[in-house]
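Here is a short tour for a first look. Keep the sequence and the 3D view side by side.

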Amino acid sequence: MELKRVVVTGLGALTPIGNNIEEYWEALVNGKSGSAPITYFDTEKFKTKFACEIKNFKVEDYFDRKEARKLDKFAQYALVASDEAIKDSGLDLDTIDKLRVGVIWGAGIGGLETFQDEVLAFGKGDGTPRFNPFFIPKMIADIAPGNISIKHGFMGPNYTTVSACASAANALIDALNTIRLGNSDIIVTGGSEAAVAPAGMGGFNAMHALSTRNESPETASRPFDATRDGFVLGEGAGALVLEEYEHAKARGAKIYAEVLGGGLSSDAHHMTAPHPEGIGVVAVMENCLRNARLKPEDVDHINTHGTSTPLGDVAELKAIKKVFGEHAKDININSTKSMTGHLLGAAGAVEAIASILAMKHGVVPPTINHEVQDENIDPELNLTLNKAQKRDVRVAMSNTFGFGGHNACVLFKKLDE
């Protein structure tokens, strides 16, 4: 059977550097850091005292008090970002066939803060199981797409993908394939996460995964820099409306880009560390190129996983050199995590959006905070250091990897009519 073409017709973002698409893009191109001292709880006894929190987010601006109490932050973020994407898409919710519209969402952890608070409260009690009746439906990772579908009446496929930090990219690929195969006309997809809580910070600190650059939070996320010492935890959501091309064209929709393909692989190496030679990363990019029917030299821009960890950054760039050969030097490579921090299960969505916007505006956002060249990284690679670069981007790749060795890669292309 001939596969359907799939395009992006709506975008929405709630990030540490901008609470909507316009703010997010402006901050990206201007190299704004979202990292700052944590305001959510007392960090006195924590190794890391900073994170990339959402700024100026007032729950009451989006939800009434009763509704907000039923939603963990990660679900609130999902609803806000998806609402923006749906509005941006121009969909007429009164006339579309809602049986043909689904929601496929990514979350690596889900309602961590809800789980933490409920268990702590139980531990302080006398053993009587007094739990909030919304404890379970607030916490479970699949509740975000459930709430999106309930709000809008979307009755197509509805579920959550969980693959740690690759979760949102996995959701995008599932959404792509669902439409490609003709099973849906529209999928609202993306990811959300809200792990900036004592349990999240403490857990990642115990793994020695986080930067401890407490004296300078705004420069702590420094992918590819020789002095990098771990990632900076972020939170938020990214949403995309994916639509079958003929369906979008028939309603005169604005089209951002075509989704050409997705690739998946596993490192099969270690619970948290990447394979030092990036074998799984090589495989996922090759799988993605094959799926999209593109050649390595077709790619103009790669938004890397680029978390600012000592091992991960080097392994990914080694893999890029192996897959793209000499052409790797002609690609604008960047890591927007230098600004947003690591949004875990939402990373694949907010970074896919950054790739699409780079294509739309002809500008590749920078990798900020780079000061010291790493001798293990080829200096001839264009890592788009510290300043945005103008570039006609026709094909953009977005890489996302997760603990457990989960690798996901998505390719976007400027639309050919």
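## The model

This is a predicted model, in which local features need pLDDT of at least 70, side-chain atom pairs count only at pLDDT 80 or more, and totals for chains, interfaces and linings use all residues. Residues are numbered from 1 along each chain as its sequence is written, and side-chain values use heavy atoms, with hydrogens and water left out.

## The nonpolar core

A nonpolar core is a set of buried Ala, Val, Leu, Ile, Met, Phe, Trp, Tyr and Cys residues joined through side-chain atoms within 4.5 Å. Buried means under 20% relative accessible area, exposed over 50%, and partly exposed in between (1.4 Å probe, protein chains only). The largest core has 46 residues, and V8, L11, L240, L242 and F412 touch the most other members. Elements that each supply at least two residues of this core include β1, α7 (167–180), β7 (236–244) and β14 (406–413). Helix α13 gives the most, with nine residues. Helices (H or I, at least four residues) and strands (E, at least two) are DSSP runs, numbered from the N terminus.

## Strand β14 and its partners

Strand β14 is mostly covered, with seven of its eight residues buried. Two strands pair if DSSP finds at least two bridges between them. β14 pairs with β8 in the antiparallel sense over eight bridges. Here S266 stands opposite H406 in β14.

β14 also pairs with β13 (residues 395–402), again antiparallel and over eight bridges. S398 has V410 of β14 as its bridge partner. β13 and β14 form a hairpin with three residues between them. In the turn, G404 has a positive phi of about 95 degrees.

## I356 in helix α13

I356 lies in helix α13. It is buried, with a relative accessible area of 0%. Leaving out residues up to four places away in sequence, I356 touches V8, L11, L240, Y256, A257 and F412. Contact means heavy atoms within 4.5 Å.

## A patch on the surface

M1 lies in the segment before β1 (6–14). M1 is exposed, with a relative accessible area of 77%. M1, L3 and L181 form a nonpolar patch on the surface. Together they have about 340 Å² of accessible area, by the Shrake-Rupley method with a 1.4 Å probe, where for residues only the protein chains shown count as cover.

Patches are made of residues with over 30% relative accessible area and no salt bridge; like charges are joined within 9 Å, nonpolar side chains (Val, Leu, Ile, Met, Phe, Trp, Tyr) within 5 Å. A salt bridge is a side-chain nitrogen of Lys or Arg within 4 Å of a carboxyl oxygen of Asp or Glu.
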